Amino acid sequence: MANPKIMASARTLTSEGLGERLGLFLLITPAILWLGLLVILPHVEIGILSLSQRIAARVYTIGFGNYFEFLSEPIYWHTFARTALLSILVTAITLVISFPVALYIAKFAVGKSKPILFLMCLIPFWASELVRTLGWMMLLREAGVVSFLLQWAGIAGKPVEMLYSDGSLVLGLVYGGMLFMIVPLTNALESLENAQIEAGYDLGGTNFTVLRKIIIPHAMPGIVAGAIIVFMLTVGNFVTPVMLGGKNGLWFTEQIYSQFITRFNWPQGSAFGFMLLLLSTGIVWLGLRLTGQGFSETLRRT
Amino acid sequence: MSDIADLSLIAVTKRFGGIAAVDAVDFEVAQGEFFSILGPSGCGKTTLMRMIAGFESPTSGDIRIRGVSMLAVPANKRPVNMVFQSLALFPMMSVGENIGYGLACAGVSGPEAAERIARILDRVGLSGFGPRAVTQLSGGQRQRVAIARCLVLEPTLVLLDEPLGALDLKLREHMKIELKQLQSAFNTTFMYITHDQSEALVMSDRVAVMNKGRFEQVGTPRELYHNPKTSFVAGFVGDANIWSGSAAGAIAGGTRLKLATGAEVTGMGTGIDDGVRAYLRPEAIALAGSLDELSALPNRFPGTVSTVLFDGAASTLVIDAAGFPPLRATLPQAGPLAGIEAGAAVAFGFTPEALKIFPA
Amino acid sequence: MKKRSFLLYSAAFAALLTAGGANAAEKLRLLTWADYAPKEIVDAFTKETGIEVEVTLSNNEEMISKLRATQGAGFDLAQPSQDRITGPQAEFGIYKPLDMSKIKSDQFIPSMLEAAKKNTTIDGKVYGLPHVWGTDGLIVNTKLAPTVKDYKDICAPDLVNKVSYRTKRPVVLGFAFGMGMDPFAVYGDKVAYQAMVDKVGQAMIDCKKNVKFYWDGKDQLISGMRAGEVTAALGWDTIGWRLNADNADIKFIAPKSGALGWIDGFAIPSKGRNDDAAYKWINFNMRPDIAAKVAASAGNFTASKGADALTKGKLKDQFAESFPQAAIDNIKWYPAVPAGIEAIDGKMLDKVKAAN
């Protein structure tokens, strides 16, 4: 097929060409509106807002003060770095846990068990994130189910608090991210021919060699796509860190929330929002570079 | 040939549920032999091969390679390598990496591996293809990479699972010859699985015809073609006119047979009962302008050409004759009948030896 | 068929967007706290005036943020604490002056009305009226934490992992009073206020080992105290009294250095569309019978004259137990918060949260 755009421009003067152009225009208009209104416009506004500095009540000036404030105040960039590192950790743990699950669903589950297993991964997501997180709180709190069971079994002598720590925070985030890792991984692994795995063994490969040289390279686009999604969701999560993280679990989104909502400092909040955008873009870019995957390729293959 | 066979199967049976996919199969493959298993899909040949490769384990029986039982040896430790139907080349690796994979698994690396890869590529006619992506290769080249990937490991036995199935006709014909040449050049034992009798007959030293989990007959291509031992083999190997009828009694030099369509003919067969099936190859039918010319043959009949199926050397006639179903005969490429047209009168005949009779 | 129904839906959707309810029955969009506008009161109001009330629940910070986002549009009446009216008004201009002639002043307790007017006046114009009042203090399980009598007691070493409070202004002020300082006295002096906040911040960080969690919604605190996971907390009197109703050991205690007195008020957003309805709601709510019902719902007293007499006994008893006369006299009523002070508190609270 010839490029429709070129064909259209070659026949600009004919009514057919015009019609085609109009069609193309109508086709891409929703996409442009979508991007423009919901993605670009708000970001431009936040970008501008982040550059305004308060001098006095209702008096603002343009400057990078909000960004300097971010850099000069250790609590802000500590939280920022902590959020980034924990998000990477959460992504890695999610990958390690999801991979066997996805491999099982894609390659070993047969017949009806396959959709059932998939459904089991999906069911928790019918409830809202809030409800899921509350569920974890019920389980982990000092007066909760796990603590009770531990005492009942005689493993713990007194109530055990498992909530409000980095551990519970990571647990909740991994749980929330798993589905988004399992789906692209399963997709990627399903396209792996069984014969490839068998060939891997047949030529003398051990389980580890087959996993490392055949299964993982094949699943790479799924791994990268899943990791990007999980990382983005984790970095931008708000509910889980607030509810499970507790007194030490300050997440960068909480900083943004508190700047916007409790400090009424929109310019500072906007600057933080921009930093978060830069962070996720930067880490995703780094991840793609390290794994040698192209972004468009990753999107296409999953 | 050495005293111990490269591969021997002893009463190997594989049951899935209650059904025996492979039913008490015994055979041996000698060193350097090109051995084929020929059978229709679902006959159990793939299961048999997967048991030899180590992907399935037999329900009972033993599989031995050079006398050593393989039952406790996992797939990745067997001196057996397989060329898959889809070839299963690793798409994310280059040609060289595909071939080097098995070497790396065997602990061969560095210059030695590089040298062995280069040597095998040279021998399969792909010198300098090492750095190429496998996706850039043609069908035939991919085939050769798949075989080189096995041969570089110097296995006792190479299993090939219909590797030519995906190729187009011309290339398939070409690859048949090439495979055979490769096999004799490397002098490695090949076990080839196919449902295509032409592939089996052309390449193999010996062929096993498999049906419903059992071996019907094992023999050279010639034996199978000319002396089928069972009705199935006669029908599956090569082309034949197949008639059903009933035995009318033994006579000197053969068996009288009355076809369901009426004609009486003389053939050869053993263990014949009431219902029989008779097989006559199209090229075993002699054609002539008149019955007189066929006076040497006990079976000779007049007929009319209803269709000429022209296919070069493989051209056939469809003949209508009283008492026979439409029958096919090979058209000679020279002589007075070469130009025969539909509607012409023709006489045909065959020896009793050519008509194989089996119980139905 | 499909196409037509799609068009129909689009048209209906567009109509909804543009009409935006302007064509609906007269409506009051109220931005308030949980329990301040119980269904019973809303229904009674609608029945009497024909005005529908659309209630949005919020808290001080969110109220200000919401109004700031729309520059004072989207709501016809808001209920921020009266000390949080002048600051945001100076900064963002989100409220409009009240027309006192439309208010039935005689329904208010005179002293509270005067105090509120004084607190919310800018350039001679009044922006706020009092509605519900209450205090911040200690909620203590007196059996499990009998030693807690003042703010600083919650940081005692025997209460590790047993304490909860918010990361909000009242806690900063409570800590300050508990440490013997008077934050209200330095409201006008940012340098002195900063110095005081720094000291409070250090104390809060030192106290962090005692904190089980920083509560945000009151249900979170209630469930924590009911389960015995939390034995001492800083919070509203109404939470303490609600817990007390189920478990007599849990009491609201006015701290020795003084409970913090707050008054939630009424203010009209600058782009409110239905001021008449807003005034009607205010006057309706200040009637003693209605105010008594609101008090019962919120668990706090109101600024309505004569509503006290109608309030049910239990709340009065609880109030009496928590507030002997000396404690009432010692309540520290919030003065108006000057602009800029909240940012100082906020940054310190961020540090406290981030500290390990």
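B:Asp205 has a relative accessible area of 33%, so this residue counts as partly exposed. Before going further, note that this is a predicted model. The partner of B:Asp205 is B:Lys180, and the two form a salt bridge with 3.3 Å between the closest N and O atoms. B:Asp205 sits in the loop between α6 (197-203) and β9 (206-211) of chain B, while B:Lys180 belongs to helix α5 (residues 169-186), so the bridge ties together parts that are 25 residues apart in sequence. B:Lys180 is partly exposed too, at 26% relative accessibility.

Now chain B as a whole. It contains 8 helices and 20 strands. The C-alpha trace spans about 75 × 45 × 35 Å along its principal axes. Of the 360 residues in the chain, 51% are buried. If we take contacts in chain B between residues at least 6 apart in sequence, 67% of them join residues at least 24 apart. The chain exposes about 15,500 Å², and 53% of that comes from carbon and sulfur atoms. As for charge, chain B carries 31 positive and 34 negative charges, and their mean positions lie 4 Å apart.

Next, how the chains meet. Chains B and C do not touch, and their nearest C-alpha atoms are 45 Å apart.

I will take the A and C interface, then A and B. On the chain C side 37 residues are in contact, and on the chain A side 30. Together chain C and chain A bury about 2,800 Å², with 49% of that area on carbon and sulfur atoms. Three residues of chain C, namely C:Arg68, C:Glu91 and C:Asp350, supply 21% of what chain C buries against chain A, more than any other three residues. There are 9 salt bridges between chain C and chain A. One salt bridge between these chains joins the side chains of C:Lys351 and A:Glu73, at 4.0 Å from N to O.

Between chain A and chain B, the buried area is about 1,700 Å², and carbon and sulfur atoms give 59% of it. A:Glu198, A:Asp202 and A:Leu203 supply 42% of the area that chain A buries against chain B, more than any other three residues. How many salt bridges are there between chain A and chain B? The count is 1. A:Glu198 forms a salt bridge with B:Arg50, with the closest N and O atoms 2.6 Å apart.

Over all chains, the whole structure has 44 salt bridges. I will pick out some within chain C. C:Asp246 pairs with C:Arg226 in a salt bridge, the closest N and O atoms being 2.6 Å apart. C:Asp246 is in helix α9 (residues 237-246) and C:Arg226 in helix α8 (residues 218-226), so far as sequence goes 20 residues apart. Are these two residues buried or exposed? Both C:Asp246 and C:Arg226 are exposed.

A second pair is C:Glu321 with C:Lys251, whose side chains meet in a salt bridge at 3.7 Å, N to O. This one links helix α13 (residues 313-322), which holds C:Glu321, to strand β11 (residues 250-253), which holds C:Lys251, across 70 residues of sequence. C:Glu321 has a relative accessible area of 48% and is partly exposed. C:Lys251, at 25% relative accessibility, is also partly exposed. There is a network as well: salt bridges with shared partners join C:Glu61, C:Arg84, C:Lys168, C:Asp216 and C:Glu342.

Last, a residue in a loop. C:Ser304 lies between β14 (301-302) and α12 (307-310) of chain C. Why does C:Ser304 count as buried? Its relative accessible area is 1%, and buried means under 20%. Leaving aside residues up to four places away in sequence, C:Ser304 touches C:Gln107, C:Ile109, C:Met286, C:Arg287, C:Pro288 and C:Ala291. C:Asp106 is 198 residues from C:Ser304 in sequence, yet the two C-alpha atoms are 9.1 Å apart.

That is what I have.

Technical notes:
Residues are numbered from 1 along each chain as its sequence is written. Chains are lettered from A and ligands numbered from 1 in the order in which they are written. This is a predicted model: local features need pLDDT of at least 70, side-chain atom pairs count only at pLDDT 80 or more; totals for chains, interfaces and linings use all residues. Side-chain values use heavy atoms; hydrogens and water are left out. Helices (H or I, at least four residues) and strands (E, at least two) are DSSP runs, numbered from the N terminus. Buried means under 20% relative accessible area, exposed over 50%, partly exposed in between (1.4 Å probe, protein chains only). Contact means heavy atoms within 4.5 Å. Accessible areas come from the Shrake-Rupley method with a 1.4 Å probe; for residues, only the protein chains shown count as cover. Lys and Arg count as positive and Asp and Glu as negative; His and the chain ends are not counted. The place of a charge is taken as NZ of Lys, CZ of Arg, CG of Asp or CD of Glu. Buried area is the accessible area (1.4 Å probe) that two parts lose on being put together, summed over both.
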